[in-house]
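This report concerns the aromatic rings of one protein model and their surroundings. Please consult the sequence and structure shown here while reading.

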Amino acid sequence: MRKNREIKVIFALVAVFFAGFLAVPMISVLVQSFTGGTEGVSLSHYVEVLTGRGFLKALGNSILISVCSALLTTVLAFVLAYTIHYTNVGGRYKWLISKAAILPMLLPTITYGFAIIYSFGKQGLLTRLFGRQLFDIYGFNGLLLGYVVYTLPIAFTLINNAMGYIDKRFMVVSRLMGDSPVQTFRMTILIPLLGTLATAFIQTFFLCFTDFGIPASVGGQYEVVASVLYEEMLGSVPNFGNGAVVALVMIIPSVVSITVLHILEKYNVRYNKISPIELRKGVKRDVLFGVLSGVIMAGTLCVFLVMFVVPFIDEWPYRMDFTLEHVRAVFEDSQLYGVYINSVMVAVATALAGTLLSYGAALVTARSTVSGKLKKALDSIALVTNTIPGMVIGLAYLFVFTGTPLQNTFPIIIICNIVHFYSTPYLMMKNSLSKMNASWETTAMLMGDNWLKTIVRVVTPNALSTLLEVFSYYFVNAMVTVSAVIFIAGARTMVITTKIQELQYFNEFNEIFVLSLLILFTNLIARAVFRKLAQASRNRQNTAKIYRFSAKKAA
């Protein structure tokens with residue numbers, strides 16, 4: 001069939017792309033780990049890394065801090081989501097919680113560390129307000145705070161969405177049966193959410209374990225695996241073989257995490273119908289969770305408060321006069337301003353190409369009649385990209401593309417971002433396309449339209465809101481990522497996140513905060529615009545459906 005021929009062309013393009021920019025680079029990492037110089041194939045790098053001083057300790061440190069951070073984050077995210085769905089606090093307050101909880105997503109993780117230093121350090125803003133340093137910011141404490149702030153938006157989004165699909169009628173049934181408040185809470189909220197809570201824990205653990213940005217600024221002497229990989233590859237004496245081994249070790253928890261997530265899917269409770277009910281009055285409950293949520297939000301946002309203060313002070317903390325000189329200096333510095341333009345350009349290109357790739361792959365799996373094997377292959381690609389940390393992909397690209405025309409170019413950075421963030425956009429597109437009328441293509445074919453015209457004229461307009469959400473997802477993540485591009489950005493292709501890391505060595509924190517604010521405001525504007533466009537698209541679709549329904553009824 002012609003339709004299948006077109007679909008197979010799309011499949012071939014997607015397969016070739018991932019063969020060249022995922023399979024080959026990852027094989028190169030594996031080969032590099034067994035390359036022993038003059039000895040040929042060797043286990044020397046494995047022996048050197050696994051028996052070397054500090055690596056196993058760094059691995060243990062990574063696991064410990066990731067477990068602690070994931071556990072604390074999951075609990076805090078649950079409190080925020082519970083406040084929104086199961087209390088009678090004001091609607092505006094709930095709206096504020098939902099917005100404040102995801103704000104850290106719009107900043108690069110490397111900025112978190114500098115914000116912690118300037119907030120809780122010896123001369124930090126909050127230290128000066130409280131009159132003393134609250135805790136030692138370097139090492140475990142700083143990493144814990146940074147990781148919790150970093151992963152809270154992801155955990156909150158997962159739990160908040162899941163809570164929205166719990167049928168609250170069962171709370172009424174439980175109370176009528178005489179269950180205690182604790183039993184009602186356990187049976188109607190906690191048990192239905194167990195799968196989601198476990199998923200949130202695993203996802204946040206994985207993000208903490210593989211993050212490089214926060215340890216780069218507040219890790220101190222508390223070494224973690226991500227910092228070991230960075231030192232092996234970009235230290236005074238780079239060791240590619242050892243770096244490849246460390247990269248492969250980083251993948252192991254990721255593979256385990258994804259495997260466990262698939263097992264946990266069967267524990268997700270699904271209700272046939274969600275019935276809204278009026279929540280029972282509970283002043284103590286509302287006050288308790290309202291206060292707890294307020295403390296969590298304040299604790300999260302106060303970390304970033306310093307970003308809006310330090311760049312506008314003459315010389316923190318010695319000359320406290322207000323000034324715009326630091327902001328002006330960034331915009332007048334052609335290099336710094338050029339780095340910002342680079343980031344926006346890379347983010348737009350990543351979003352355009354990534355959205356097109358995700359859409360094409362989702363069309364094959366959700367809107368075609370090709371064999372199940374081809375569809376499974378694309379699903380597997382999404383699973384693999386979700387498993388590999390950004391640092392490992394960047395390292396693999398360093399191995400493969402060094403010495404080629406792609407080395408230190410914008411195209412390789414864009415491709416790296418597309419591969420790194422591919423999984424979620426693909427699943428978003430697949431879910432959206434799967435819910436559409438399955439007979440559109442058949443009807444169009446009977447009317448004489450070819451498959452491609454049907455996709456352009458019918459399917460794409462109905463998928464427009466999801467396409468915009470995917471575009472927004474790619475754009476924001478491309479603006480804030482550091483781990484995926486740290487090994488492949490050159491002097492002329494530097495983006496904001498890699499420039500921030502460079503500025504760290506020169507203690508140019510004013511410039512760091514100004515660039516971070518530029519990222520934040522750019523992402524805020526982008527999200528607002530894309531959300532507005534997506535909502536307008538949904539409204540047009542709904543209007544069209546109502547019009548068609550009315551026309552049918554009139555006929």
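Phenylalanine 209 has a relative accessible area of 2%, so this residue is buried (buried means under 20% relative accessible area, with a 1.4 Å probe and protein chains only). Phenylalanine 205 is likewise counted as buried, at 12% relative accessibility. Both belong to helix H9 (residues 181–210), where a spacing of four residues separates them by about one helical turn. Helices are DSSP runs of H or I with at least four residues, numbered from the N terminus.

The model is predicted: local features need pLDDT of at least 70 and side-chain atom pairs pLDDT 80 or more, whereas totals for chains, interfaces and linings use all residues. Residues are numbered from 1 along each chain as its sequence is written, and side-chain values use heavy atoms, leaving out hydrogens and water.

Rings of Phe, Tyr and Trp (its six-membered ring) pair if their centres lie within 6.5 Å; planes under 30 degrees apart are stacked, over 60 edge-to-face, and the rest tilted. Across the whole structure, 26 aromatic pairs are found. Two of them are set out below.

| Pair | Centre distance | Plane angle | Class |
|---|---|---|---|
| Phenylalanine 205 and phenylalanine 209 | 5.9 Å | 20° | stacked |
| Phenylalanine 475 and phenylalanine 530 | 6.2 Å | 70° | edge-to-face |

The pair of phenylalanine 475, in helix H21 (residues 451–480), and phenylalanine 530, in helix H23 (residues 509–554), links distant parts of the chain, 55 residues apart. Phenylalanine 475 is buried at 5% relative accessibility, and phenylalanine 530 is buried at 14%.

One aromatic cluster is formed by Phe17, Phe18, Phe21, Tyr397, Phe401, Tyr422 and Tyr426.

Key. Helix = DSSP H or I, 4+ residues; strand = E, 2+ residues; numbered from the N terminus. Buried < 20%, exposed > 50% of the residue type's maximum accessible area, 1.4 Å probe, protein only.
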